[in-house]
Amino acid sequence: MTWEFLADIIKNKIDKVKKKQGSITSEQLTISIEQIFSSLRESDMFEDDFENIEETVLGEWLTKIKLRLKSIIVTTIEPDSAIDDRLDYDRWIDSRQNVIEWNYFNRYAKYLKNIGRPSDVVQSTENSTKGIIERLGDPQKAIDSLQKGLVLGSVQSGKTANFNGVINRAIDAGYDMIIVFSGIMEDLRFQTQKRINNDVLGIGELGNQINQVVGVGNIQQFSRSGIHQISSITSSATDFRKSLVGANFDFTNQRILVCKKNVSVLTNIIYWLKSSMPHGHNKLNKSLLIIDDEADNASLNNLGHKGATYASKVNGHLRALLDLFKRRSYLGYTATPFANILQDQHGAMEQQDAWVIPFRYNGQVKQIECSLSPGLFPDKFIYKLATPSSYLGPKRFFSNGREREGDKKIPLIETIPTLDLDEVVVFGENDSTLSKSLIDAIDCFVLSIALRDSRRSVIQSIPGYTDHHTMLVHISRLISVQNVVATNISKYVDFITSRIKKDNISDPSGVYEKLRLQWNKFFVYKVENIISYLPEDYNSDGLIPKTWDDISKLIPNAVNNIMVKAINSETGDKLIYPDGGNKKYIAVGGNRLSRGFTLEGLTINYFLRDTNYYDALLQMGRWFGYRPGYIDACRLFIDFSTEEKYNFITTALTELEEQIENMEYQKKKPKEFELRIRKHPDVLKITRLAILKNANEVRFSFQDMVQQSTIFKIEKNTLSKSWTAFKSLFNAHNFVPTDQEGGFYTLDTNKHTLFEFLNLPNTYLEETFMTKFITSYIDLCVGVGKLTNWKIAIKRTGSGDPIDEDNIKLQLTKRSAPKEDDERGYYMELKNEQIFRASGKSMNIMTSGMDESLGLPAEKINKAISDFRAYKKKKFLENNKSEEVAEEDSQKTTIPGWIFRKVRPENEGLLLIYLIDLKCIFNTEELMSIAKEKGINPLIPLVGYALSFPSITDDPGAIYLANDYQDEGISQNEDTEIPEDFNNEINDII
């Protein structure tokens, strides 16, 4: 008998209880595990098995069972969201004459359960993959148009697991060919092929042995119980290379290919398929599914602005490939969908010479003539995958613009000083050098390994545990810089390794004392307090607090065998994570480690990347994801400007996700979503303006948005002027106190009075609030009879101090200063420059989404809330929750402000004003001393604005001139992540 055997028995019993109840709490689970474990010990069936096992061992077993089952059973996941081109799309799965046997998918689902994926996550995967494959159309029917969808999933959240589920369903549904494009570099293609071998085929490599049973193959092998043979033309070793083109692959069996997304590979595939066509035909009478991973990379048509006949090479080749099949579906996956949504939407070009592909065959230049499918805009559907409660994504570290006072971010960010303040440290006999911040990060890596090793016996029972350790150093795109940095890091690792072998642990001048001080600086507080920063439903049982005494004895082993690798085209180095191995890598790289590639056991990130591409920056966030039992061992070293960019992109993504739910709720279409995003002022800052190239003007809109002043420059004179002017304008108008609507002073007025408030002297940073653009937009709306009436409301209830001055009597709103330990960059900004950001990393001054209901009739408010909860209940029921639990969860759902914007009349706008208590900002002795030194009166409040715009049909939009697009430029020495043949005019076939 083993503890794993007992865990499976107990899990099955508790799953039945959970299914009956609909949910189970962590406390209920603990009690149930203990009760079932005890009953198994007392049962006649297992009496002999338990008899010879010592009590201490049984205690360890029970601990491991609790850890595993809490991860599997308590982890929850919200429902997904989807925007469809029409509500009545063909639900063909259940209406097929011959019922689909889900042999491949059921095998996959069983495999996911066996490796410990949470029950709710497996159920969600079953639901989402069925919903996605059904939206793509029946591969056994004639489909006139290309079916195009986009799946939005968070960075490192499990998109690969989802599309492998879709592949399994596609095989069962009868797609003849499935092609997965997995980025443009071989290392990512290799990783994806390995996952597909594991999750779909069940045959792959084990060590040096090929064609071994792996993954799902251990559940069910080929030729058994409906698992028919499917052929993988590619393998872990080979892409669809030239030598495969001449091979005689027929279509007797279903085929799957995992390929790089570059011109050579696409040319090979198109040549092969063209050569396979019956004489006189220009399309194959087969069905094709293309899955485009990282669909915002390389696939987009950056030449579409020139007209319908223009396309980027990869985009044109993908569309030509799709048009070789009579039944074809395209499914993109991305975490940053802005460019995908904003791309050109040109239609099909049916003439056979629409896309000409030159190639070289036996030394002779020839060409393939193809027709083109429509552009790749996802006009059929956009599907947003929810993330489980065990996922730690951008919102847990950076601002999402929806925080409330008291919300905490996980405090793992360490601010890299500016270059002039980052000390250069000399070490070793040869006087090698590294910056102090990078040495700190390397020391943290050694300590993180020791910390994880101290918990190994416990956390290795948690699903998702890995014994690999990785540190990412992302400093420059230049190969020469990467190689020099890798060399110096290697010297430093050798230096501290030799010192650890020689020095006494109690030597006050030795390396152990240095590491002890690093432990105190970077780990002590966070290891002891990490649980208080995590979500309530996060399984934190493996995060056992450790001391210096616990981990110091493990340091010699921790530093042993650390390998430093520069990952670029010059070195050719790769990161290989063998199953069951214990690799320790410090990976120095640039673009090659930026997208898609999973870094196993990633703990320490030293990230200095200067980029203007916000969407690319988010994709570089390899540190997002799952860290079972070791989130407190992780550190992210970034400079303050990079942190600000991550706040911006995270806030914009949060709003985008809200919009998807909003538009699903309103039954809007992808095209309407595209129009909404195209005019979003923040989105235009995020994605590469190449998609807007040659545009003289760009329209943008604030409709169905909240625009807030969240960043304040606190100076003596501006603060005083702002407050004096505000009081004067307040007293010039007849504001009425209204307790029944949440405690506001309100005024019903027009745009002229609104503009008086917006044009007051103020302390917030104008460039973040965009007053000129707001007033321009409102003027345009008023010109067509919209936004003519405004309600101005001043919040009277808060948790700050009371104020009674010039007829203004209220409780100030509390927004605390950033903490020096948790949010040092923001704290130093406040201390040194008196710049305050509402709620630290938050970009939110609003106290509640309910604030946006102000001024609406009670019946309208109640109906909006009731309709929203009914919508959420329906979503929970679709997620296989019981009626009772779905009702309970829908009642607990936070009410978002957008449901009130949706029902507010188009001619009404709302300005919410929050008077923020300055004493809560200068809330430490040091900060109060700074305020006194600068002459800042903490009794004067900050005046903060939140403008709530209703949904507006026929939105006029405002116009501004597009900035000239400035590319980052490419150096000769840059590792561009682009293969040599990527942009060749002519590619060889044989």
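The conversation below goes from the whole chain to its helix pairs and then to its sheets.

Modeller: This is a predicted model, in which local features need pLDDT of at least 70 and side-chain atom pairs count only at pLDDT 80 or more, whereas totals for chains, interfaces and linings use all residues. Residues are numbered from 1 along each chain as its sequence is written, and side-chain values use heavy atoms, with hydrogens and water left out.

Biologist: How do you know that the radius of gyration agrees with that of a compact globule?

Modeller: The radius is taken over C-alpha atoms, and the globule rule is 2.2 Å times the number of residues to the power 0.38. For 990 residues a compact globule would have a radius of gyration near 30 Å, and the chain has 30 Å, so the two agree. Along the principal axes, the C-alpha atoms fill a box of roughly 85 × 75 × 70 Å.

Biologist: How many helices and strands does the chain have, and what makes a stretch count as one or the other?

Modeller: The chain has 34 helices and 33 strands. Both are DSSP runs numbered from the N terminus, a helix being H or I over at least four residues and a strand being E over at least two.

Biologist: Why is H6 called roughly antiparallel to H7?

Modeller: The axes of helix H6 (residues 103-114) and helix H7 (residues 119-135) come within 10 Å and cross at roughly 155°. Axes are lines fitted to C-alpha atoms, for helices over the stretch in contact, and angles run from 0 to 180 degrees between N-to-C directions. Angles under 35 degrees count as roughly parallel, over 145 as roughly antiparallel, 65 to 115 as roughly perpendicular and the rest as oblique, and therefore H6 is roughly antiparallel to H7.

Biologist: Which residues of H6 and H7 meet?

Modeller: Phe 105, Ala 109, Leu 112 and Lys 113 in H6 meet Val 122, Thr 125, Glu 126 and Thr 129 in H7, where contact means heavy atoms within 4.5 Å. By class, the residues of this contact are four nonpolar, two polar and two charged; Ala, Val, Leu, Ile, Met, Phe, Trp, Tyr, Cys and Pro count as nonpolar, Asp, Glu, Lys and Arg as charged, and the others, Gly among them, as polar.

Biologist: What makes H30 and H34 roughly parallel to each other?

Modeller: Helix H30 (residues 824-833) and helix H34 (residues 925-933) pack at an angle of about 30°, with their axes 9 Å apart, and they are therefore roughly parallel. Tyr 827, Leu 830 and Lys 831 in H30 meet Glu 926, Leu 927 and Ile 930 in H34, a contact with four nonpolar, no polar and two charged residues.

Biologist: Why is one side of S22 and of S24 left without a neighbour in the sheet?

Modeller: Two strands pair if DSSP finds at least two bridges between them, and the open sheet with mixed pairing has the order S22-S31-S30-S26-S25-S24. Strand S22 (706-708) and strand S24 (736-738) stand at the edges, each with a single partner strand, so one side of each has no neighbour. Within this sheet, S25 (residues 744-750) and S26 (residues 789-795) pair in the antiparallel sense over seven bridges, and Tyr 745 stands opposite Ile 794 in S26.

Biologist: How do you know that S13 and S20 pair?

Modeller: S13 and strand S20 (residues 635-638) share three bridges in the parallel sense, and Glu 414 stands opposite Phe 637 in S20.
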